[in-house]
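Subject: Structure handover

Hello,

Here is the structure I said I would pass on. My notes on what I found in it follow below.

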Amino acid sequence: MTPVQPPSPPAKRLFLYVGDGLRADRLYENQMERAPFLKSKVFHEGTWGVSHTRVPTESRPGHVALIAGFYEDVSAVTKGWKTNPVNFDSVFNESRHTWSFGSPDILPMFAYGASDPSKVEMFMYEAETEDFSKEDASDLDTWVFDHVERLFEEAKTNNTLNDMMHADKTVFFLHLLGLDTNGHAHRPHSPEYLENIKIVDRGLQNMEKMIQDFYGDDKSAFVFTADHGMSKRGSHGDGDPENTQTPLIAWGAGVAKPNRTHLAGHDMISFDWGLDEFQRVDVNQADIAPLMSVLIGVPYPLNSVGKLPIQYLDNSDEYKALASLGNARQILAQLLVKQEQKRQREIVFRPFEGLNHRRTIQEIQKHIHQGEYLDAERKSSEFIDLCLLGLRYYQTYDWFFLRTLVSLGYGGWIVFSTTFILQTYTKTRPIKSKSSSMDLLAAVGFVGFSIFLYVKHSPVMYYLYALFPFYFWSQCFKAKPFLLHILKQTKPKVIWHSVYYVLSLELLVYSYFDRRVLTVWLAGAGIVWPFTMPKEFKKRHATLVNLWRLVSLLCSVFTVLPVDMEESSWMIGLGGFLIILSGIAALYLLPQYTQSLPSNTVNQKPKYYLLMVQISAVLVSVLVVLDTIRSLNNKQGLPPLNAFISWLLLVFGISVPVLDKVQGKTHFLNRLVVIYLSFAPLFVLFSVSYESLFYFFFSMTILVWMLLEQRLYFFETKVYRGQEYAEIVQKQDKHRDLQLSDMRIATFFMLFINIAFFGTGNLASISSFSIESVYRFTTLFLPFLMGALLLLKIMVPFFLLSSVFAILSRTLDLPSFSLFLLVLSTTDIMTLNFFFLVQDNGSWLEIGTSISHFIIATTFIVFQIILFSVSHFLVGGVLVPQKRDKKRE
C-alpha cells in the first residue's frame, strides 16, 4: 500500500506522554485536584476525553493501538513483550526521528520494528528497576523526565543533535511506568498511586517550560493518555471499565481549545468529576494514532484503523475536510487490499456490498472544491465507518465456515468418546459394523476437502479443524448399529441420569457468570446427598456423614467471599495453623488406619520423619509470608533470605512427592498426606488473604468425599469388610463396568474442579489473578515468570483433587482411565457452550468476558489431561489394603 500523507501540519514536533496503567477516574475526579497542570490544559488550552481501550487491556496491545493505530491479535501478548511477531508500521516509523524514554518492555518493539531502526532512539532503564517492592515506583517516571532533560541539555552543545531536534516531523515518546508499578504493588486507591499522579503532573509542567525555553516557538503538540487502566485488585487484562477507560488530553499546536458551548459527551462516567463545563470528546484508543499523524504531518500508519477525531483539531474547515478525506483513503486502501486477497483465494467470492468507493471519493472531493467542508467531513466520516465495516466483513469472512468446522469437531469428539466409553467400560458390548468402507470414504472426503482448502490458500490450522470432524464422525457412523442398539435399550432411569448430568454441566456454565452458584450447589450437596443414602449406611457411618455435612458447608463459603481481597496476615496465619494441626493429627491417626497391609509390603508405616519435616516446612512458610508482608508494608523490599527460602520451599514441595514415590509403594492415605503437606507450604506462600484457609477446607472436603464414595460403594456392592477406613477391599485384578451412580462421581469431580478455581478469589476473567501472590518469590517485573508462578498457584488444588480422584477410581474397581475419559469427553459440552457465547460486539466488558470464559474452559480441558498424567504418576503405585471377609453387620 502507498502511505497517505495528511495536509500541511500545524506542529513540527509531538510529545506523547503515556501514563502506563492510569485510570481515567483517578485523574479526572474532584476536578483533577491531583493534577493542577493537566487541569489547566483541560480548562484553558486543550481538548479532553476518555480513550476507550480494547481487550486484552495489557501494555503491549495498548501501545500498539496508540502508536500504530490497530488492535493487535490477543495471541501476540504471549509471543514476546520486547520484540514483534510481525513488524508493523507506526507513527514512530513514519516520523523523521523519534526519541523514546522508558521501559525496556515497551520501547524495543517500536524501534526494532521500524523500517530504519536508527530512526527510533531508545533511552531505557534496567529491567531490574521495575520492582514491585519499592517504597515508591515513581522514580521510574522521574528517571524518564531526568533523561529527557539531559537530552535537551546535550543538544545545547551538540549541533548535530540540535539540528535533528529542531527538524519537523519529530516525536518524543515518554513511557511513564511508575503508575502501573505502584498500581500493581499498592493498588490504584493507594496513597502511592495517587501521589504518583501528582509527580507525573509536576514532571509534565517542568517539561513544558523546558520545551518552551528550548524551542521558543508554538510548534509543539502534546498528547497525554494511558495504555490501559487498573482494577481495584491492582490487575488488568479484561474488559472491565476500570481497565478500558483511560484519560486523553491534547494541547498545543493544532489542538482545539476547550469547548464550553456544546457540552456533549458527558454520562454517568463523568457526572461527578466536576468537568461538566467542558465538552468531553471520547475516542477509541486507535483513533489517537491518526490524530498524532495529522498534528505533525506524517503519513497515517499503513494498518491503522483509527478514525481521526476531528473535534480535537484547531484548524480551518478545509483542513479538517482534507484530513478526514486522507484518513478515509488510508482505511480504504486496507479494505481494497483485503478484498483483492479474498477475491484471489475464494472459489465463489462474495464482495462487501454497498462500497462504491470511486463515486464516494469523488463526491467528497466535490464537496471540498465547492467549499462544503462540513458536508465533506460528514461524508468522509460515514465512508470511514463503511470501510471499517468492510474490513470487519473480510476479517470475519470465514467466520461461519470456521464455526461450523469447530462445532462439528467438538460434537464429533463428544459422540465418539461417549461411544468409546459405552463400548469399553459398560456391560453393553460393541456390535461390529458392516460399513467397512467408511474409513476410505472419510479419507477421500478429507482429501477432497483439503484440495478445496488448498485452492482457498487456507492456513494450516484450517486443515486440522477439518481433520477432526472427518475422523470422529466417520468412527461414529461405523458405530451406528451399536448406537441404535443403545437407543433401543435405553431405559427411563438412564435418560433421567443423562438429563441430570447435562443440566449439571449447564449449571457449571452458569457458575462462570455467578460463582455463588457453586456455594448453593456444594452446600446443597452437603445437606441433600446424605438423605439419599441408605439408613443403615448412615447409621454405621454417622461420623463420616456428619463430617461431610460440616466440611461441605464450610468449603462452600469461599465462593461467596469477595474477590477484591485485602492482604490479611491473620487469615494466612490461621490457615497455616489449621494445616499444621491437620499434619499433627495425621501423625497420630495414620497408624490406626494403615495397618491392614500385608506384612510383606514395603513402606506400610507412615514416614514420621518426613511428615515432621513437612509440618516444619508449613510453619516456615507461614513465618516467611508474615515477615515478607511486614517488610513490604514497611517499604523495605523483599528480603533476599525470604526469597531464597521461598524458592527452596517450592523445590522441596515439588520434589517430595516424586522422591516419596521413587522409594516404593505405600498406603494410599500415607501418599495423600504426603502430597497434601508437600503442596501446603507453596499455597501458604502464594496466599494473600483466605487462600490458605481454602486449601485446608477444600482438602478436608475432597478427602471426606472420597471416603464416603468408597464406603458407599462397598456397602452397596455387599463386599463390606470392616468399619475402619483403611479396610477397603479391591477385587483381585478385576475391574467393574461403569454404572449410572458413577455419573454422580464425575459430577462431583467437575464441581470440585470449579471450586478449586473459583474458591481462591478468582473470577472467570483473564485479569482476576493478583500478582501480589508471587511477591514472596520475586518483586521484579518478569511477566512470564510471574505468569508461571500464578499458574502453579492455580494448579496446586487441582493436583490434590486429581490424586484423590485417581485413588477413588482404583478403590471403586474402575479402570483408571474410565472416569477421567467420561469427564474429559463431556466437559466439552461446556466448552461448546462458551464457544457459541463468544461475542465480538457489545461492550468491551461483555466481549472480554466471553473470550475469557472460552479460554478458561478450554484451558480446563488441557488441565485435566495434565492432571490425569500427574495423578497417575503421584498415586499410581499406592497400595489398596485387603483383609479377610467379615460378616456384614
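This is a predicted model: local features need pLDDT of at least 70, side-chain atom pairs count only at pLDDT 80 or more; totals for chains, interfaces and linings use all residues.

The lining of the second largest pocket is made up of 25 nonpolar, 15 polar and eight charged residues. H19 gives the largest share, nine residues. The space in the second largest pocket comes to about 1700 Å³.

Next, the nonpolar cores. The largest has 138 residues, and the members that touch the most others in it are Trp548, Trp705, Phe752 and Phe798. Leaving aside residues up to four places away in sequence, Trp548 touches Leu522, Ala525, Gly526, Trp529, Pro530, Thr701, Val704, Trp705, Leu708, Phe748 and Phe752. Two of the names in that list, Trp705 and Phe752, are themselves among the members of the core with the most contacts to other members. There is also a second, separate core of 50 residues, which includes Tyr17, Trp48, Ile211 and Phe278. As background, nonpolar side chains in soluble globular proteins tend to be buried together.

Phe271 is a nonpolar residue placed in the loop between strand E7 (245-252) and strand E8 (283-284). Is Phe271 buried or exposed? Phe271 counts as exposed because its relative accessibility is 55%, and the cut-off for exposed is over 50%. Its C-alpha lies 9.6 Å from that of Glu29, although Phe271 and Glu29 are 242 residues apart in sequence.

Some backbone details are worth a look. Most residues other than glycine have a negative phi, and most peptide bonds are trans. The following depart from that or concern a glycine:

- Val55 and Pro56 are joined by a cis peptide bond, with omega at about -5 degrees. Pro56 is in the loop between strand E2 (47-52) and helix H3 (59-68).
- Gln31 is not a glycine, yet its phi is positive, about 55 degrees. Gln31 is part of helix H1 (residues 24-32). With a relative accessible area of 34%, Gln31 is partly exposed.
- Arg187, also a residue other than glycine, has a positive phi near 80 degrees. Arg187 sits in the loop between helix H8 (178-186) and H9. Arg187 counts as buried because its relative accessibility is 6%, where buried means under 20%.
- Gly216 follows H9 and has a positive phi, near 65 degrees.

Helix H9 itself covers residues 191-215, which is 25 residues. From its first C-alpha to its last H9 reaches 36 Å, close to the 36 Å expected at 1.5 Å a residue.

Finally, the chain as a whole. The protein chain has 889 residues, of which 58% count as buried. It contains 32 helices and eight strands. Among contacts with a separation of 6 or more, 79% are between residues 24 or more positions apart.

Regards

Conventions
Residues are numbered from 1 along each chain as its sequence is written. Side-chain values use heavy atoms; hydrogens and water are left out. On a 1 Å grid over the protein atoms alone, a cavity is a set of points where a 1.4 Å probe fits but cannot get out, and a pocket is an open set with protein on both sides within 12 Å along at least five of seven lines; lining residues have an atom within 4 Å of a point. Grid points are joined across faces, edges and corners, and a volume is the space filled by probe spheres set on the points. Helices (H or I, at least four residues) and strands (E, at least two) are DSSP runs, numbered from the N terminus. A nonpolar core is a set of buried Ala, Val, Leu, Ile, Met, Phe, Trp, Tyr and Cys residues joined through side-chain atoms within 4.5 Å. Buried means under 20% relative accessible area, exposed over 50%, partly exposed in between (1.4 Å probe, protein chains only). Contact means heavy atoms within 4.5 Å. The expected span of a helix is 1.5 Å times one less than its number of residues.
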